[in-house]
Amino acid sequence: MKINLANIKKAQKLLNKSECVAIPTETVYGLAGNAYSDVACKKIFRLKKRPRNNPLIVHYYNNLDLKKDCNFNNKFLKLYEKFCPGPITFILDLKRNSKISKIATNKKKTLAVRFPKHPVTRNLLRSLKFPLAAPSANISSKISAVHSTDVKEDFGKKIKYILKGGKSSIGLESTIVDLRNKPKILRLGGLELSIIRKTLNKKIVKSINPSKVSSPGQSKLHYSPGIPIRLNVKKIKDGEAYLMLKKKKPNKVNYFFLSNKGNLNEAAKNLYSTLRKIKKNNYKSIAVDKIPNKGLGKTINDRLLRASKF
Ligand code: TXA
Ligand code: MG
């Protein structure tokens with residue numbers, strides 16, 4: 001990807017003034033602000049209509065920068081070396097003298113941190129003197145944005161600037177692991193759990209029950225296109241959009257597929273944009289065909305299940 005330095009400069013200038021800027025990442029777009037600034041973090045909560053008790057995830061260029069704010073252990077280093085920059089978020093202990101805004105953490109003593117891989121955002125992070133608080137760039141509880149046009153659609157002129165970076169290559173949010181004690185997974189995401197398990201060579205406790213809210217943002221309704229969704233549907237009802245993993249013949253206008261040949265990575269990349277497309281076509285509800293619960297299919301099913309709690 002060709003990097004436009006003038007655009008990065010523009011984003012940098014706004015962020016230096018505690019303004020918010022949308023940034024591309026390989027998972028989904030983020031709504032970014034200076035993580036050391038209360039003013040910037042307050043703006044993020046306001047724009048997203050996000051409950052104040054749901055802490056913000058913070059993005060760093062590398063672990064040298066992170067060292068100023070968090071303590072980390074060997075498990076972290078193992079995963080960092082293998083997967084970062086990439087689609088994994090770590091819950092770590094904050095250092096007492098960390099400069100992270102207490103608005104961002106909601107005064108929690110832990111911090112969710114990530115090292116995004118997208119070259120535009122890496123370039124931006126490298127040019128800044130602070131890390132970026134950046135939750136997904138969507139209105140709270142709605143579908144995440146995987147393209148600058150999605151961000152524009154959700155926020156219009158309310159955001160000062162959207163740094164463009166094409167379509168997010170993974171299309172699902174990062175996997176969240178808590179490494180402070182026994183490794184615990186808080187959110188399925190763009191990095192498969194089985195791969196993390198293999199690297200750590202340890203059991204990973206799952207804590208992704210929507211009713212148990214270990215990550216505040218993992219509460220019930222989430223990722224919602226704003227219309228009802230039914231799962232594992234074999235026979236659709238009149239007027240429903242039918243969402244399928246792979247192309248079916250004969251194709252009908254109300255059939256939407258996530259991948260030509262049923263590739264789950266491609267399906268992940270297309271999930272949110274297809275849900276947005278269905279909504280825009282004014283369908284009143286969505287029926288989803290069975291999606292294999294393996295690989296990224298597990299994350300796709302997790303998101304659809306949450307979106308179905310409409
Ligand atoms: O891929 C991603 O992670 C994207 C891109 C933009 O980086 N970001 C993202 O942010 O998905 P958000 O805010 O939509 O989801 C982050 C999740 C939320 O569910 C939040 O509750 C949780 O991380 N979280 C933040 N701080 C936490 C903490 N200290 N302990 C546990 N969970 C935390
Ligand atoms: Mg989100």
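I take contact to mean heavy atoms within 4.5 Å, and I keep to that meaning while going through this predicted model.

**Helix 2**

I began with helix 2, residues 38-48, where I found Ala40, Cys41, Ile44, Phe45, Leu47 and Lys48 to be buried. I then looked up what these buried residues pack against, and the list came out as strand 2 (30-34), helix 5 (102-105), strand 7 (132-133) and helix 7 (148-155). An α-helix has 3.6 residues a turn, so residues three or four places apart point the same way. At the N-terminal end of helix 2 I noted a cap by Ser37, a side-chain oxygen of which lies 3.3 Å from the backbone nitrogen of Val39. After helix 2 comes Lys49, for which I recorded a positive phi, near 55°.

**Helix 1 against helix 6**

Next I turned to helix 1 (residues 5-16) and helix 6 (residues 119-127), which pack at an angle of about 50° with their axes 10 Å apart. I noted the crossing of helix 1 past helix 6 as right-handed. On the helix 1 side the residues that meet the partner are Leu5, Ile8, Ala11, Gln12 and Leu15, and on the helix 6 side they are Val120, Asn123, Leu124 and Ser127. Sorted by class, this contact of helix 1 with helix 6 has six nonpolar and three polar residues, and no charged ones.

**Gln12**

I looked separately at Gln12, which lies in helix 1. With a relative accessibility of 16%, Gln12 counts as buried, because the cut-off for that term is under 20%. I found that the side chain of Gln12 reaches the backbone oxygen of Ser127 at 3.2 Å. Not counting residues up to four places away in sequence, Gln12 touches Leu124, Ser127 and Leu128.

**Phe130**

My last entry concerns Phe130, which I located in the loop between helix 6 and strand 7.

Key:
Residues numbered from 1 in each chain as written. Chains lettered and ligands numbered in written order. Predicted model: local features only at pLDDT ≥ 70, side-chain atom pairs only at ≥ 80, totals over all residues. Heavy atoms only, no water. Buried < 20%, exposed > 50% of the residue type's maximum accessible area, 1.4 Å probe, protein only. Helix = DSSP H or I, 4+ residues; strand = E, 2+ residues; numbered from the N terminus. Polar contact = N/O pair within 3.5 Å; in protein donor to acceptor, adjacent residues only side chain to side chain. Axes fitted to C-alpha atoms, helices over the stretch in contact; angles between N-to-C directions. Left-handed = near helix turned anticlockwise from the far one by under 90°. Nonpolar A, V, L, I, M, F, W, Y, C, P; charged D, E, K, R; others polar.
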